[in-house]
Amino acid sequence: MKRLNKTFWLGIVFALLLYSIIQILLTTGKFDDVMESTLILICINVMLAVSLNLINGITGQFSIGHAGFMSIGAYVSAILTLNFDVPFVLALLIAGLVAAFFGVLIGIPTLRLNGDYLAIATLGFGEIIRIVLLNTEYVGGASGLSGIRTQTTWTMMFLFTLLTIVVINNFIRSSHGRACLAIRENEIAAEAMGINTTLYKVIAFSLGALFAGMAGGLSAHKFYVINPGSFNFLKSFEILVMVVLGGLGSTSGAIVGAIVLTVLFTVLQEYPELRMMIYSAILILMMIFRPKGLLGSTGLSFRKFSKKEAKPNDSISGGSAS
């Protein structure tokens, strides 16, 4: 436990040191506005990848509707700040809770499904959300919402990203996270041992949706405009590629995957037609040469922790910040 707490605080110190360095570079003008926007986009994608990894990598489900939860958070937070003058942070929290509610709503009837069937159900959910937004005039229809006030700063984005990583990592290393891991390894055996598999899958789904919703709200209040086309299947696929690239089941792998693909996306902005081809090629090459991802189960993933540091009497342990 002491060693784990030490790892946790070392991670926090490293994260704060990284933030301080970047903040100095931004303040002194070494990083311009474009670089700041790229850093914020990286953090948004880290939140999305880490939250999806909880569902796909830790609990072993196959969700490809994460963009739907992101869109809910983006639209709810934008409407609250535009039409009701709700404070930004409060709007983000409400948006996250609404997205989590939809995570439960879609989870209860569908999470008894597995594999391809669950993937189809979550894909359908994401498309339903997109079509509803597309045909609702109150939220701008196909044109989307514009004029959203820019309130997402680098500091706020960093704090929400750190919060996402710490909360999800601590959940993974708790007794509830171990239940999710048991479901991933063998759902029938987990249920035979008395684990309520449906309950834990819904918890993982709603927790992942919570942070995806907040990521959507932060994105909406940075890039001025949102429209339904920004949250289609390709966005969900992009998030999934980040998780697979870094390594399913590894929080640090999800972070690395998000950083690598965001940088690649930035470099290829002038060639959008090549982006999906490159994503597909990366997936094929990863499955052939590195099926466990860039980090696999290494880094600060739960699997490494459970083999080396877990003790039989540890029910809830502190998590790492990265």
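**View 1. Lining of the largest cavity.** The lining residues divide into 5 nonpolar, 5 polar and 1 charged (Ala, Val, Leu, Ile, Met, Phe, Trp, Tyr, Cys and Pro count as nonpolar; Asp, Glu, Lys and Arg as charged; the others, Gly among them, as polar). The model is predicted: local features need pLDDT of at least 70 and side-chain atom pairs 80 or more, while totals for chains, interfaces and linings use all residues. Numbering runs from 1 along each chain as its sequence is written, and side-chain values use heavy atoms, without hydrogens or water. Among the lining residues are Ile64, Glu127, Phe231 and Ser236. A cavity is a set of points on a 1 Å grid over the protein atoms alone where a 1.4 Å probe fits but cannot get out; lining residues have an atom within 4 Å of a point. Helix α5 (115–134) gives the most to the lining, with 3 residues. The volume is about 40 Å³, the space filled by probe spheres set on the points, which are joined across faces, edges and corners.

**View 2. Leu218 in the largest nonpolar core.** This core has 87 residues; Leu218 is one of those with the most contacts inside it. A nonpolar core joins buried Ala, Val, Leu, Ile, Met, Phe, Trp, Tyr and Cys through side-chain atoms within 4.5 Å. Beyond four places in sequence, Leu218 is in contact (heavy atoms within 4.5 Å) with residues including Ile44, Phe88 and Met156.

**View 3. Phe265.** Phe265 is partly exposed, because its relative accessible area is 21% (buried is under 20%, exposed over 50%, partly exposed in between; 1.4 Å probe, protein chains only). Beyond four places in sequence, Phe265 is in contact with Leu41, Arg275 and Tyr279.

Notes:
On a 1 Å grid over the protein atoms alone, a cavity is a set of points where a 1.4 Å probe fits but cannot get out, and a pocket is an open set with protein on both sides within 12 Å along at least five of seven lines; lining residues have an atom within 4 Å of a point. Helices (H or I, at least four residues) and strands (E, at least two) are DSSP runs, numbered from the N terminus.
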